[in-house]
Amino acid sequence: MAQSSATKVAWKLQDMVAHSSNVSSLVLGKSSSRLLATGGEDCRVNIWAVNKPNCIMSLTGHNTPVECVQFSSSEEQVVAGSQSGSLRVWDLEAAKILRTLTGHKANICSLDFHPFGEYLASGSMDTNIKLWDVRRKGCVFRYKGHTQAVRFLAFSPDGKWLASASDDSTIKLWDLTAGKMITEFTSHTSSVSIVQFHPNEYLLASGSADRYSVYFTLWDLEKFEMIGSSVGETGVVRCVLFSPDGSCLYSGSEDTLRVYGWEPDRCFDAVHVAWGKVADLAICNNQMIGVSYSQMNVSLHVVDLSRVKKSGSVIQGLIQDDKPLAVPTPKGTTLRRNYERTNTSCNRQKRSPSSEEERDEKESSAEITNPDDYREIFQPRNAISRTPPKTNEPFPAPLEDGECKLKAPTASSTPVLRVEPTVVVAVPRPPNSVVTASLAPPSGHVVPTSKLKPNSAVIPSTRNEPVGLNAGDFLPVSTSVASDEEALVQIRKGHDTMCVMLTSRHKNLDMVRIVWARNNIKATLDSAVSMNDLSIVVDVLNIINLKPSLWKLDTCSSILPQIEELLQSKYESYVQTGCTSLRLILKRFWPLISDTLTAPPSVGVDITREERHQKCKACYKQLKNLSNVVKLRAEQVGRHGSTFKELQLLMAPLDY
């Protein structure tokens, strides 16, 4: 029985006809692993949701076949390069063309977005690499040195370096700030098809093939030397991808996925996957998504990584090797340096389009072919299917013994019901006390600033029973005292909707808890905001407010609009939380915002400084809007008048 109910390690998820002519390129969104972009010889870029049958939108504007596509790290933008050498960037949330960039003299072969902002790099058959500022619609720098086509580009996780792989058999590492080459790796003997940075450590992986063998190579980016290589793959290494924690490397070749370790070099596992010539890989929920294309068709396959060996006994080729491995490095330590990341991702600033951009809009279009999926995935206030990453449900595996019959594709994430979750009440508590939760009534209608009611009733946070609800009304009239179980049964009768709401609330909070466990405060707040539910936001803010050091500048721009809604809420606990958060933000970050915006412009290319400036500018604009709300609330809310007047004093410099 156990054998008959076993599920497959790898299976086909989906087949689809992606274009009206041959598919020429594709890419998976790495943040969610649930978005796919395909480029075709029909000069179109099509956007898909993984495991859904219909194209979400079709992007037009190129006049020659699309040779290369790439998502931004947030998956809000996509860029496509064509045979003519032009690049077009689309805003997926606004469903329109954002920029047209020209300057290359031949086919675009490779693209990558900078991890911290709206910069991107392009490589071409003209052997040049260009760094573009998408906002200013211009080339920031050109890197010259390769003698043949640049086949792959990758930014380092800290955004300071750019790695390029070329048909000239070399890999070059460029310093973005200095604008020059740091080093060159020349051990490959044929075209290098792919490079990938380790997510944490100073390591670089590359894939190549020569006349006699196919292999990938690992490079130490401190000593600039090769530390490992695997020779003898049965097919061209088409994709390499580090595991999210960086403990192993996945190598995708024709019909095979291999798992490698290094120092010493070893192959942990080899899995047969009938994906053909795989073109891209992504990981979500301990599942590997592999996508390939042939003519007009695109195929997606899934590998259950929980059933793939990533440590322990070693496979050399297909032969089991039981020799003991080296003693593993203690948890939390590494053999080499880690990237020093600076949180400088910024929000895009809306500008009025120029006449040239208006012409681009007329020539380029984003045809939304599936409005329901578009609203679910790309609307900013309902981005739960993409943000935070890795909260999508895994794809169910078919049984080993049964045929893998494709059922009608279902949504890649469970719909989230709009309900009011548990609220952490922001009241004084003794040190080391446990944060408790109490059920708040619905707050579905938040009054916008422009429609703020002068005499809206404020529901106190110190209440000890639900407003307008008598629990005794749900119990039968009886002289005997009901037990706890009987009372619960009676209360639940006829209230299935409430049970569904509470279940959904628990699920939402559990999703936030999972992201919190990763020690990523911004991702936690983004997760709460994306649920479009103020109570979840209040829960998270109340915890962060207890430890002000958790506040970072990069979290302010995403949470300030939510604070604006909290300040206008009719619930006292919401207002308290919003005031506390705003006070902490002003005290910690107003000096930095003010100094950054008044500082003279820098000389040269300083991406980190530019991103910090854009983020401070966005925060300043949002704080200006909040100052108007504070003034109104100071006049209307008698009980919190002193609190809002204090905020008015803190926000006074915004008026100058």
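**Helix contacts in a predicted chain**

Residues are numbered from 1 along each chain as its sequence is written, and side-chain values use heavy atoms, with hydrogens and water left out.

Trainee: How are α5 and α6 oriented to each other?

Mentor: The axes (lines fitted to C-alpha atoms over the stretch in contact, with angles from 0 to 180 degrees between N-to-C directions) of α5, residues 521-530, and α6, residues 534-545, come within 8 Å and cross at roughly 155 degrees. Angles over 145 degrees count as roughly antiparallel. α5 and α6 are therefore roughly antiparallel.

Trainee: How many charged residues has the contact of α5 with α6?

Mentor: Contact means heavy atoms within 4.5 Å. α5 contributes I521, T524, L525, A528 and V529, and α6 contributes I536, V537, V540, L541 and I544. Asp, Glu, Lys and Arg count as charged. By class there are 9 nonpolar residues, 1 polar and, as for charged ones, none.

Trainee: How are α6 and α7 oriented to each other?

Mentor: The axes of α6 and α7, residues 553-567, come within 11 Å and cross at roughly 110 degrees. Angles of 65 to 115 degrees count as roughly perpendicular. α6 and α7 are therefore roughly perpendicular.

Trainee: Which residues of α7 make the contact with α6?

Mentor: On α6 the contact is made by L534, V537, V538 and L541. The residues of this contact divide into 6 nonpolar, 1 polar and 1 charged. Those of α7 are I559, Q562, E565 and L566.

Definitions and conventions:
This is a predicted model: local features need pLDDT of at least 70, side-chain atom pairs count only at pLDDT 80 or more; totals for chains, interfaces and linings use all residues. Helices (H or I, at least four residues) and strands (E, at least two) are DSSP runs, numbered from the N terminus. Angles under 35 degrees count as roughly parallel, over 145 as roughly antiparallel, 65 to 115 as roughly perpendicular and the rest as oblique.
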